[in-house]
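Please look over the sequence and the model shown here. A short report on a few of its features comes after them.

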Amino acid sequence: REGGGWGRNGDSTRNYSSSWSNARHDGYGGSYGGPSRPHSSSSSSWGGDRRKDSRAYRRQDHYDYRQQERWSSRNDGPSGTGREFKRPKTEATSSAAVSSTNGGQAVSSTSTSYAASSSARVSDSRTGAIADGGAVQPAQERIKPLAELVTKDTWNECSWDERIASQHPDFGDYLRPGQKIETILTTCPFGSLRDGSKGDVWFAKKVKAADAAYQKALEDAEPDEIDNLPVSREDVKKFFDALPYNVTFLIGFDVLGVNAKDERHCLCPCSSKCAKWRRQFGIERILEDFGNKEACVNTFKSSGPYALMQHLNQKAGQRIGLHYFVLCYVRELYGPPYCGRVGHKGLYPPSSAEYKKAEAYERKKDIQARNKLEKELEEERKAKRVLEEEAEKLQERFRNLEMVSKDQAERLKAEEENARRLGIDTEELKKLNIDLDQEKISFYHENYRDIFDALKWAIESGSKGTGGTVDFPDVPQNFKVEELFENYFEKKHFLFKPTDHKNENVGGKILRDWNIKFDTSGVSKLKKVKKEIQAIDKGGPSREFMHLVWQRFTELKITAEGNDGEEKVLELLYRGSTGYAFFHTDDVIDDFLEKLPACNREKVKKKICAYYQAIGRMYLHAFAIDMKIPTTAFPPFFRNVLLRNLSPGDEAYPNPEVFRDVKLMGFDMNVNDIIGRSCNVFFCDGDEELITEETFYTVFLEKLFIKSRRKYALKNVRLGLTLDNKIGVHGVFRAMPTKALEQIAFATEGLELDHVLQFLLPKYCKAVRVWKENKKGELKPVDEPVEPWLLEQQKSFFEVTLPNVLKKQYYDERGDEEAYSKKIRRRKDFLSRFVQYCTGSPFLCHPDLIKTEDDMIKIEFSASEMSGDCLPEAHTCVKTLKLPHFVYDNNADALLSKLRKAFDHGGFGQA
């Protein structure tokens, strides 16, 4: 029996020391004894005369107190504590110095105040609320007992540690916040539990098994057997319902069995070691009603699964009872197909064939789990090696940056010295880079659009061939810009015709939208060409075409046969050290013409001028249709010269702005080496005038950048921009600040991650079209709403997966700044390729210029047009990226792979 009997005079009363120990442990949070039943009224609770045993009582009191304090310090107190607890000197008589609930019966005794003081200390040691002098802190500051914290109603809100601590026989009544059960009960194999044994899925299976076992027990029993039970059917159901909540009695079944002793942790629910569980779920009375035939007093201790099954079979025998109910539950939970075609190995004798099959099955599963773990560990090792390699690369970069930073520091110092010598305030230079606010930029943009619309109307008015779009047929997929210009020049395309042509409105065609028709015969089969590319261009192909022209500007060449019979080549533009495209100087062009036969020079000269005029007209077209031009295709200095008709020294072009613009173009000469010398030293033009701080702008820079290009490049580009001086674009651009012009008409190369994310707009697939029969038996398309989980998956893709993929690629590329800069210049960085694939251009407007969703990149999820494994499909005309509504199961790696394939085989100009 619980607590054992001490055999005094043959009666069945409890042992003196055992009953007192049980009373103290139950009342003050101890952890040795289980619940005790009410004492028999025919026998003394204390085994005889209290006066006779008072000394033994005090000795036992001191012994129990010390035992309890040691146990409390092991569980909750600091390790290695050897604190001595002395009996208080003052004694007071009390009729209830010690009060303990022993099965519902109060036990009282006259004793010293030491008992009450020690019990307060012991009780409070569980909460960590011991004060000096034995004073107890207020009750509201104590930790809630597990018996109150963990109940059936609060089960789902409690942690696994709290659940098992509330039931384990070797644990006390309190669990401090942050404590882990594994660190307290170190002998229990909590670390060896199988995956999922603590989870909700396994708990649901346990509940289902309990219901099935209850039904089976009723079906197998005779009707009179159930009716003759000492408890009602409701009590039987209550017992079965409580079994899934017992987290201690089947631990041996759920461990991996790595150590031999791990499986020896099975308990009988009817034993004293599961008393906490029975009290927790109100089924203690059920066991008492069954009496001695179902009680397990010292007959079963912690053992393995098969030992538990033997005990249950032995106790169940041929009768219906609690052990039989537990047996039905265990068989239902761990029976076939728990291990394939057999049940858990604990259900069978170790020498049986079923045991060997189950053991082989578990070993196979363990091997798979071990392999999975080893694979995960190997992946972690690889990830660690990658991190170490990246760390080494970063250290190498830092070492290189230290060297670069020295050169950069010297360069910055030289720039500051130049600015100081020219009287430029560095703070004023910083202000030039500040963007305009949204209100101002919107105001200038609206005026900009209105003026160009008015210019377009004025040019179109009364002219032939007005309205509509202009066809650019048969543009090769991977065209070369020099071949394209050569082809259009030979065919007398409107880009090369004079604006006063009698039969064609050249100006109107330049200002209107262009219908670019790419030759799609060479497009990869990996991407299906959409019909809209073959038909009217709504913006996507035009953006792609213009982007490729800007990118390949520096490849624009003119070839002619030279005096020596060999082919001579002239590049009309070249790429500077800072990435900007520059027009060649007049001297370079004249040297080229000198190498040609005299009879051919004038023809080639006209061709050169026509090419420069075509470049100006392409600039004008981009402005007219509000298409962004990359900053490197039109350097800031030449924007002021060509668009605003300004020169250094003009009041509208202040010196700090000129200084910034020439510095951006790569001007790095030391001003001290220039000022005080004559122009003839630099230009060999016979001008002996000395250069001063004032004439540095008006003379030196004028000759260096403007006069040296005036005859060919600047003159003809300006003619193209003004349609042979017929429209005054200079007034349009002078009416706005330089910063407004930069934000409205130009795009900086290299996109920022936040900039791109601002432009993304989701279009979720909320319905799927299916074919269903109507009442007449006809198949008709019906739109049915998608499953809620699928809609959530789309939202998760847009809000998490897609941004994470873009973010990872962005920061991975930024890890090597030198390689990243090269990618930026070639528009091969991932963000530029993504934006170009979606819109046709790798550039985005300023975020403040977003007016409607037409300006944004739509991420559309489609069920009707996209299959589950197809590549992302771009509709550049409407700036839309279409994805399957299953979104590759939100797999980031799959998305990245699909995007890369789409970029590489996406048609258009194959940039």
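The report covers a pair of helices, then the cysteines, and then one aspartate. The model is predicted.

**Two helices in contact**

Helix α23 spans residues 598-624, and helix α28 spans residues 710-721. Their axes come within 7 Å and cross at roughly 45°. The crossing of α23 past α28 is right-handed. On the α23 side, the contact is made by Lys605, Cys609, Tyr612, Gln613, Gly616, Arg617, Tyr619, Leu620 and Phe623. On the α28 side, Tyr712, Ala713, Asn716, Val717, Leu719, Gly720 and Leu721 take part. Sorted by type, the residues of this contact are 10 nonpolar, 4 polar and 2 charged.

**Cysteines and an aspartate**

How many disulfides does a search of the whole structure find? The search finds 0.

| Residue | Relative accessible area | Class |
|---|---|---|
| Cysteine 158 | 8% | buried |
| Cysteine 328 | 7% | buried |
| Aspartate 893 | 63% | exposed |

Aspartate 893 is classed as exposed because its value of 63% is over 50%.

Aspartate 893 belongs to helix α35, which covers residues 892-904. Along the chain, aspartate 893 and valine 805 are 88 residues apart, and their C-alpha atoms are separated by 8.2 Å.

Key:
Residues are numbered from 1 along each chain as its sequence is written. This is a predicted model: local features need pLDDT of at least 70, side-chain atom pairs count only at pLDDT 80 or more; totals for chains, interfaces and linings use all residues. Side-chain values use heavy atoms; hydrogens and water are left out. Axes are lines fitted to C-alpha atoms, for helices over the stretch in contact, and angles run from 0 to 180 degrees between N-to-C directions. Helices (H or I, at least four residues) and strands (E, at least two) are DSSP runs, numbered from the N terminus. A crossing is left-handed if the near helix is turned anticlockwise from the far one by less than a right angle, and right-handed if clockwise. Contact means heavy atoms within 4.5 Å. Ala, Val, Leu, Ile, Met, Phe, Trp, Tyr, Cys and Pro count as nonpolar, Asp, Glu, Lys and Arg as charged, and the others, Gly among them, as polar. A disulfide is a pair of cysteine sulfur atoms within 2.5 Å. Buried means under 20% relative accessible area, exposed over 50%, partly exposed in between (1.4 Å probe, protein chains only).
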